[in-house]
Amino acid sequence: MLARRGATIIDADAIVRDLQRPGMPVLAAIVREFGDGVLAADGSLDRARLGAIVFADDAARERLNAIVHPAVAEEMGRRIEAARAADTDGGAGGGASHVVVLDVPLLVERPREGLSGVLVVDVAEDAAVARLVRDRGMSEADARARVAAQASREERRRIAGRVIDNSGDLAALEREVDAAWAWMRELPVAGPGAGRPARGAGG
């Protein structure tokens, strides 16, 4: 929805998927750490199998994070600089008013400096679990383990400059996003520096 309104989205989860493709160094490091059992028959990462390991074991999750997070941070930095360069060159977004959104699921656990504002999408835990079961085919136990492994709802709301309530239907969500978009357009432009969007929000 933010992309349709003109924002450039830098999605940490999409970057993770790119870095974990067959042939990529990150996937090779994961296999060295967790064994061939985390691979599907075609050599791709079996995310469900890896998730079952790391979301049930804090130490295993930290080992995975130590492999993945530095590579993701480096790639996010490259994409932020590319977005800033496009602004400078008068590319998409029309210069300094362009909004760059860092979609970062673990922003509470691993804060980033240099953001203009933090936008948090909020929904009750039971609703989040139900959506994971319905939309991603997880068991309820796996979904609850995944939610429990992340920052709490209260911790996420605490860092928010603005909250999008995602408890309603799509029409209600569009209204929430409209209000958030107006807020984002008024944020100050973030200063230059590695890892700092031209103007952005994380959530």
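**Notebook: helix packing and confidence in a predicted model**

Helices here are DSSP runs of H or I of at least four residues, strands are runs of E of at least two, and both are numbered from the N terminus.

The model is predicted; local features need pLDDT of at least 70, side-chain atom pairs count only at pLDDT 80 or more, and totals for chains, interfaces and linings use all residues. Residues are numbered from 1 along each chain as its sequence is written, and side-chain values use heavy atoms, with hydrogens and water left out.

**Helix 5 and helix 6**

I looked up the packing angle of helix 5 (residues 125–136) and helix 6 (residues 140–148): it is about 130°, and the axes are 9 Å apart. Axes are lines fitted to C-alpha atoms, for helices over the stretch in contact, and angles run from 0 to 180 degrees between N-to-C directions. Helix 5 is therefore oblique to helix 6. The cut-offs are under 35 degrees for roughly parallel, over 145 for roughly antiparallel, 65 to 115 for roughly perpendicular, and oblique for the rest.

I then listed the residues in contact (heavy atoms within 4.5 Å). Helix 5 contributes Glu125, Asp126, Val129, Leu132, Val133 and Arg136, and helix 6 contributes Glu140, Ala143, Arg144, Arg146 and Val147. Sorted by class, the contact has five nonpolar, no polar and six charged residues. Ala, Val, Leu, Ile, Met, Phe, Trp, Tyr, Cys and Pro count as nonpolar, Asp, Glu, Lys and Arg as charged, and the others, Gly among them, as polar.

**Whole chain**

I counted eight helices and five strands in the protein chain, in the order β-α-α-α-α-β-β-α-α-α-β-α-β. Of its 203 residues, 35% are buried, where buried means under 20% relative accessible area, exposed over 50%, and partly exposed in between (1.4 Å probe, protein chains only).

**Met24**

I found Met24 in the loop between helix 1 (12–19) and helix 2. Met24 counts as partly exposed because its relative accessibility is 25%. Leaving out residues up to four places away in sequence, Met24 touches Asp18 and Leu19.

**Confidence**

I checked pLDDT, the predictor's confidence in each residue from 0 to 100. The protein chain averages 86, and 88% of the residues score at least 70. Confidence is highest in helix 2 (residues 25–34), at a mean of 96, and lowest in strand 5 (residues 200–202), at 41. The pLDDT is below 50 over residues 192–203, yet this stretch has 60 contacts in the model beyond near neighbours in sequence.
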